[in-house]
Amino acid sequence: MTVQQRRPEGAQPFHLVVVSGGTSDPSSTRMLADRIADRVRTLAEERDEKVATDVIDLRELATEIGTALVSQLMGPKMTRAIELLGRADAVVASAPVYKAAPSGLFSSFFHVLDNDLLIAKPVVLAATAGTSRHALVVDHEMRSLFAYLRTMTVPTSVFAATEDWNSKELGERISRAAIEVLLLMESGFAEKIRTESWKSYQHEYGSAGGTELDIDLSSDLMRLATGGSAKPSGKPRP
Amino acid sequence: MQFGIFSVSDITRDPVSGETPSEAERIDGILKIAVKAEEVGLDVFAIGEHHNPPFFSSSPTTLLSHIAALTERLIVTTATTLITTNDPVRIAEEYAMLQHLSKGRMDLMLGRGNTAPVYPWFGQDIRQGLPLALEHYNLLHRLWREDVVDWEGEFRTPLQGFTSTPRPLDDVPPFVWHGSIRTPEIAEQAAFYGNGYFANHIFWPTSHSKRLVDFYRQRFEHYGHGTRKQAIVGLGGHAYIAKRSQDAVSEFRPYFNEAPVYGHGPSLEEFTQGTPLSVGSPQEVIDKTLTFHDAFGDYQRQMFLIDHAGMPLKMVLNQLDLLGEEVVPVLRKELAARRDPESADAPTHASLVKAKYGDGPARQPRPNANRGDNVTGASPYQDSDAAAEYPEI
């Protein structure tokens, strides 16, 4: 196999952000996320690439997530998390399963993010549970949330029930998900979407974590704002 | 620089006493608050508009004209007038009447309203809220500037040969502020017409409000109304003052904790840190308010929210004493010292009359006699520029 070098010498390392919904310390949800992130890093090194990882432990953000849900206030930790995710090249999102669903803390964190913060970013979805009966939570519950956020979820879901921790197959699934997300980062897909097609998604002023500040002065509404008619101009949207 | 207070007109249970005021008590209370605002030297009183409980202010012009009659200097205004669910023709008529009755001591702020069920009660749809607001203002703008209006739009029945009466006082339209927290189109409309732009500046950090204020300033200049510094900016703010900082926090906390808008959410400390809210001694409130000037530069109007969340009347009146006697005089002095001579003064009726007529006499429209065709007349006033044309009877 030829090793493909994606970036020139001295290029910025890939920025991988781990979001863990684990609540204990140590947490199996966090451990699963770390194993995936480690594997991505190892695979990248084999290909002469570097990965820098930041971790968002949602447990530390619990009260700020609650505040954000019921008010419009983003606390300093939420602000930092949003800033990290906004410039992430890829995300590992790992949730504990509660009552046949990703934990409320995990889901709520993603509920309060701007809809366009994660567009086209590669995401590895992972979950832990006490029983393998929860195995489809990743595909049935988490994948739809991340589809709504228009992320690029990798094909392999990583699920670990108690009995999986010592299995060789879990390690293989982790490796598969890791190479998938690495290849997506290498492709530069998310960045190309941002430079070539970003405007074709729905945005609000100040969305994407406060970075979406472009104002289209030629829109129908802007025409109306400046004394024009509310009738659509028929101008094709970009 | 004008200082004032704005009320959303909520009738909320006092979480300390457990009492909920009656509508009658709260309406009486707001009159005392407005009169007191003038007594302590504030310039502006604003009331919101709502059409559902627990709010009382469904008819702002009725309330404001009464307040104008009870006061001598106070400017009465709104925060906000619903430009979406109100017919702009009725806004033109009612606020022109208020302008006459208050002898020009009024202006108004336009907002969209974010309570979805209210829209259908008035035959509208919140999904069309923004185009409604924009189109309605376009019409309102003309109704106050043209004696006879022909108009057709998407949202309102067309008008042919319509005259909004009474014509504005001295034929100078009331000054309009466009209120918005995150809608560039509203800032653009304010800039296009050379009107004021108001940032509510309560729930979000100053940096958030600054983006659109900067955009508005830039567009104000683009449309040739003056330089960026001459654009007309108003800011909200939210304060609770006590002589001693720790008393302010302990007195205000129960009201904050159960406030309808953010109660049971962030802590008082988090909210004070993350938003323009200041809770503390007069000096602390002064210091925080001066940071607004650091961020926005010279601006024309600062409004404070001081009467919400079930705070009893006595407490609000005490807030007004502290605001008027210990906070605002210092702010006036500090901001005057910082002021760039290029910046605009806050617009008043007198300044608008002066801008339109110089030292000359203001137009005083006198209607032509009723000939039986006065609803279709092309030129209903004696001094109208075009000669009146009447159909053969």
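# Questions and answers on chains A and B

Q: What share of the accessible surface of chain A belongs to carbon and sulfur atoms?
A: The accessible surface of chain A comes to about 11,900 Å², computed by the Shrake-Rupley method with a 1.4 Å probe, where for residues only the protein chains shown count as cover. The model is predicted, so that local features need pLDDT of at least 70 and side-chain atom pairs count only at pLDDT 80 or more, while totals for chains, interfaces and linings use all residues. Residues are numbered from 1 along each chain as its sequence is written, chains are lettered from A and ligands numbered from 1 in the order in which they are written, and side-chain values use heavy atoms, with hydrogens and water left out. Of the accessible surface of chain A, the share belonging to carbon and sulfur atoms is 52%.

Q: Which radius of gyration does chain A have?
A: The radius is taken over C-alpha atoms, and the globule rule is 2.2 Å times the number of residues to the power 0.38. For 238 residues, a compact globule would come near 18 Å, and the value for chain A agrees with this. The C-alpha trace of chain A spans about 70 × 45 × 30 Å along its principal axes. The radius of gyration of chain A is 20 Å.

Q: Which radius of gyration does chain B have?
A: Chain B has twelve helices and 13 strands, where helices (H or I, at least four residues) and strands (E, at least two) are DSSP runs numbered from the N terminus. With 393 residues, a compact globule would have a radius near 21 Å, and chain B agrees with this. The radius of gyration of chain B is 22 Å.

Q: How far apart do the centres of the positive and negative side chains of chain B lie?
A: Lys and Arg count as positive and Asp and Glu as negative, with His and the chain ends not counted. Each charge is placed at NZ of Lys, CZ of Arg, CG of Asp or CD of Glu. Chain B has 36 positive and 51 negative side chains. The centres of these two sets are separated by 3 Å.

Q: Is H15(A) buried or exposed?
A: H15(A) lies in strand 1 (residues 14–20) of chain A. Setting aside neighbours within four places in sequence, H15(A) is in contact (heavy atoms within 4.5 Å) with A52(A), D54(A), L84(A), R87(A), A88(A), D89(A) and A90(A). Buried means under 20% relative accessible area and exposed over 50%, with partly exposed in between (1.4 Å probe, protein chains only). Because its relative accessibility is 8%, H15(A) counts as buried.

Q: Which residues of chain B does T67(A) touch, not counting residues up to four places away in sequence?
A: T67(A) is located in helix 2 (residues 62–70) of chain A and, at 7% relative accessibility, counts as buried. Within chain A, T67(A) touches L73(A). From chain B, the residues touched by T67(A) are G265(B), P266(B) and E270(B).

Q: What is the omega of the cis peptide bond that joins T165(B) and P166(B)?
A: P166(B) is found in the loop between strand 7 (159–162) and strand 8 of chain B. A cis peptide bond links T165(B) to P166(B), and its omega is about -15 degrees.

Q: Is D48(A) buried or exposed?
A: D48(A) occupies the loop between helix 1 (28–46) and strand 2 (51–57) of chain A. Its phi is near 60 degrees, a positive value in a residue other than glycine. Because its relative accessibility is 58%, D48(A) counts as exposed.
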